[in-house]
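The sequence and structure are shown first.

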Amino acid sequence: MAELAKRRAADLGLSIGDYLARLVQDDASGLRARAVDAAARFLAEHQTVFDEAEQAERTPRGANAA
């Protein structure tokens, strides 16, 4: 877990301390919960689009021809 945190901090250009402080601040402010809720609403509203895209990937080309 520590290595993952270090890599993510580096990806963001932050020290590990600043990265952890950001995580704690986001958690304490409720930002993380609101973001997860927004993502869940987005997925629920657009689930059919994702389902259709998955189905199109599974259906062999020409299967619906004729």
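## Contact between α1 and α2

Ala5, Lys6, Arg8, Ala9 and Leu12 of helix α1 meet Ile16, Tyr19 and Arg22 of α2, contact being defined as heavy atoms within 4.5 Å. By class, this contact of α1 with α2 has five nonpolar, no polar and three charged residues. In this scheme Ala, Val, Leu, Ile, Met, Phe, Trp, Tyr, Cys and Pro count as nonpolar, Asp, Glu, Lys and Arg as charged, and the others, Gly among them, as polar.

The structure is a predicted model, in which local features need pLDDT of at least 70 and side-chain atom pairs count only at pLDDT 80 or more, while totals for chains, interfaces and linings use all residues. Residues are numbered from 1 along each chain as its sequence is written, and side-chain values use heavy atoms, with hydrogens and water left out.

## Helix packing geometry

Two packed helices are described by the angle between their axes and the distance between the axes. Helix α1 (residues 2–12) packs against α2 at about 95°, with the axes 9 Å apart. Axes are lines fitted to C-alpha atoms, for helices over the stretch in contact, and angles run from 0 to 180 degrees between N-to-C directions. Helices are DSSP runs (H or I, at least four residues), numbered from the N terminus. The two helices α1 and α2 are therefore roughly perpendicular to each other; that term covers angles of 65 to 115 degrees, whereas those under 35 count as roughly parallel, those over 145 as roughly antiparallel and the rest as oblique.

Between helix α2 (residues 16–29) and helix α3 (residues 31–45) the packing angle is about 70° and the axes are 4 Å apart. That makes α2 roughly perpendicular to α3. Leu23, Asp26 and Ser29 of α2 make this contact with Leu31, Arg32 and Arg34 of α3. By class, the contact of α2 with α3 has two nonpolar, one polar and three charged residues.

## Helix spans and exposure

The 14 residues of α2 should span 20 Å at 1.5 Å a residue, and the end C-alpha atoms of α2 are 20 Å apart, which agrees. The expected span is 1.5 Å times one less than the number of residues. After α2 comes Gly30, whose phi is positive, near 85°.

Helix α4 (residues 47–58) has twelve residues and reaches 17 Å from its first C-alpha to its last, close to the 16 Å expected at 1.5 Å a residue. Of the twelve residues of α4, the number buried is zero, so α4 lies largely in the open. Buried means under 20% relative accessible area, exposed over 50% and partly exposed in between (1.4 Å probe, protein chains only).

## Aromatic pair

A search of the whole structure finds one aromatic pair. Phe42 and Phe50 form this edge-to-face pair, with 6.3 Å centre to centre and 70° between the planes. Rings of Phe, Tyr and Trp (its six-membered ring) pair if their centres lie within 6.5 Å; planes under 30 degrees apart count as stacked, over 60 as edge-to-face and the rest as tilted. Phe42 is partly exposed at 45% relative accessibility, and Phe50 is partly exposed at 36%.

## Selected residues and separations

Lys6, in helix α1, is partly exposed at 44% relative accessibility. Its C-alpha atom is separated by 38 Å from that of Gln55, 49 residues apart along the chain. Arg8, also placed in helix α1, is partly exposed at 39%. The C-alpha atoms of Arg8 and Tyr19 are separated by 8.1 Å, and these residues are eleven apart along the chain.

Ala39 lies in helix α3 and is partly exposed, with a relative accessible area of 39%. From Ala39 to Asp11 the separation is 28 residues in sequence and 22 Å in space, C-alpha to C-alpha.
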